[in-house]
Amino acid sequence: MTKTYISDLSKLVGQEVELQGWLYNKRSSGKIRFLILRDGTGIAQCVLVKNNLSEEVFNTFDALTQESSFKVKGVVKQSDKAPGGFELELSDCTIISVAQEYPITPKEHGVEFLADRRHLWVRSSRQHAILRIRHTIIHAIREYFDSRGFILFDAPIFTPAACEGTSTLFETDYFELGKAYLTQSGQLYGEAGAMAFGKVYVFGPTFRAEKSKTRRHLTEFWMVEPEVAFNDLNDNMDLAEDFLEFIVQSVLKNNMEDLKTIERNISKLENVKKPFPRISYHEATEILKRKGIPFDYGNDFGAPDETAISEDYDRPLIVHRYPSAVKAFYMKRDPQDETKALAMDILAPEGYGEIVGGSQREDDYDVLLARIKEHELPQEAFDWYLDLRRYGSVPHSGFGLGVERTVAWICGIEHVRETIPFARMIYRITP
RNA sequence: UCCACAGUAGCUCAAUGGCAGAGCAUCCGGCUGUUAACCGGAGGGUUGCAGGUUCGAGUCCCGCCUGUGGAGCCA
């Protein structure tokens, strides 16, 4: 007798095993009945044949409701007719807990209904597949940096002031020290790490109190932010490109079944190979001009602009050298053209928009101080940051990758709310 | 904050201004290979809230509430 998981059944054909899990679905044809068991690793069909079983065991079928927990014993058989490919001809079936009427049926539901029951929704196959892919992506992120000499350098969640001075932050009372804010980026701290360790990555949740209400926005989302000393903008683009390719390849290697479950077009992911096209902001505006999309030179791109710029490419597109006026104070200006910043964004294909934003950082003390004043930021709060330029300043670069947008793109799904177990949005904080 | 759309049974949706309906779910019955199984039967409604027009409002008008996704902002 072996206690095992459904994912192991292929190795156990012909053997008697014990499985435990939850009822995914059931069907009856009178004297032969089918239970579909879900155990978190897959689904398996369990067959109850009346003539082979005691009355008591055969009738557990009647008491089992959707999502009831139970355990079974039986011999593993390969079966093309069985969902999951394997079935158990049961010798025993024991109920652990009978579920009350389960609200999420195998039929369609609306988004509000499902979001209110997110704690149950994560049991269904599509959500299961998406969250497994999220797991692979996060694992790949860590594996990529860990195997290339980067140190994980955690940034604080509570911060004394805005990192970039632009977006609206969540505010909270912090004892006698006044207000604290939930971080919108760990990058400034990552720069301190890069000066200490050479190569670091910050990986954690970030918070934006913007009242954004679109399929691409959460108020709480995860971001990974590598920062590398002595990297210039080109090195930064090389790193981001290699990194994204690695992530996509990891998903293709580990999650083919999940991609099939969510009906993702695999060929679109197979295209994601180096090198990625690189165009300047200036060239991007010419694409808009050619397509007849009205645009004021010098502005940042809106979501529809990003779609128009990237839609003709079959892989992520790197756009670099944005007008410095629309970018953050810490970005270094292009010595060739002082109106431009050494910034780069990566636009995912298929209209998914910006998934990476990064830059070479300003490394000159006087210039950085002037920028802080220009942006009317509280200088005291940035004193430690200026220290990084006082004590052995070097050229350095980094970027941030939004995990949920990356998951949405790789999975080909409509809305980022399905890419994290419990999404936090402007009008939703439960469950 | 602004713009657009939506709200009817537990769920997903129908109903020319004229009797409030279907499928699924639930309950009862049938079926020895089902595949969102199928077949027969039953129960299930303050049509988001409040007002107005009308002989008559789920339907038309006004206000509010809730939801959705889009703009701005960004990953």
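Student: Into which domains is chain A divided, and how far apart do the C-alpha centres of domain 1 and domain 2 lie?

Tutor: In this predicted model, chain A comprises domain 1, residues 2-97, and domain 2, residues 118-419. Between the C-alpha centres of domain 1 and domain 2, the separation is 46 Å.

Student: Which residues come nearest to RNA strand B?

Tutor: A residue is counted as near when one of its heavy atoms lies within 4 Å of the strand. There are 46 residues around RNA strand B. Of these, the nearest are S28, N51, R208, R215 and R405.

Student: What percentage of the atoms of RNA strand B within 4 Å of the protein belongs to sugar and phosphate?

Tutor: The atoms to consider are those of RNA strand B that come within 4 Å of the protein. The share of sugar and phosphate among them is 50%.

Student: Which residue places a polar side-chain atom 2.4 Å from a base oxygen of RNA strand B?

Tutor: A phosphate oxygen of RNA strand B has a polar side-chain atom of R27 at 2.9 Å. The side chain that lies 2.4 Å from a base oxygen is that of R405.

Student: Which element gives the most residues to the surface near RNA strand B?

Tutor: Elements that each supply at least two residues include β2 (16-28), β12 (220-229), α11 (303-310) and β18 (353-360). With four residues, the element that gives the most is β18.

Student: How many charged residues does the surface near RNA strand B have?

Tutor: By class, this surface has 14 nonpolar and 14 polar residues. The number of charged residues is 18.

Definitions and conventions:
Residues numbered from 1 in each chain as written. Chains lettered and ligands numbered in written order. Predicted model: local features only at pLDDT ≥ 70, side-chain atom pairs only at ≥ 80, totals over all residues. Heavy atoms only, no water. Domains from an automatic or database assignment. Polar contact = N/O pair within 3.5 Å; in protein donor to acceptor, adjacent residues only side chain to side chain. Nonpolar A, V, L, I, M, F, W, Y, C, P; charged D, E, K, R; others polar.
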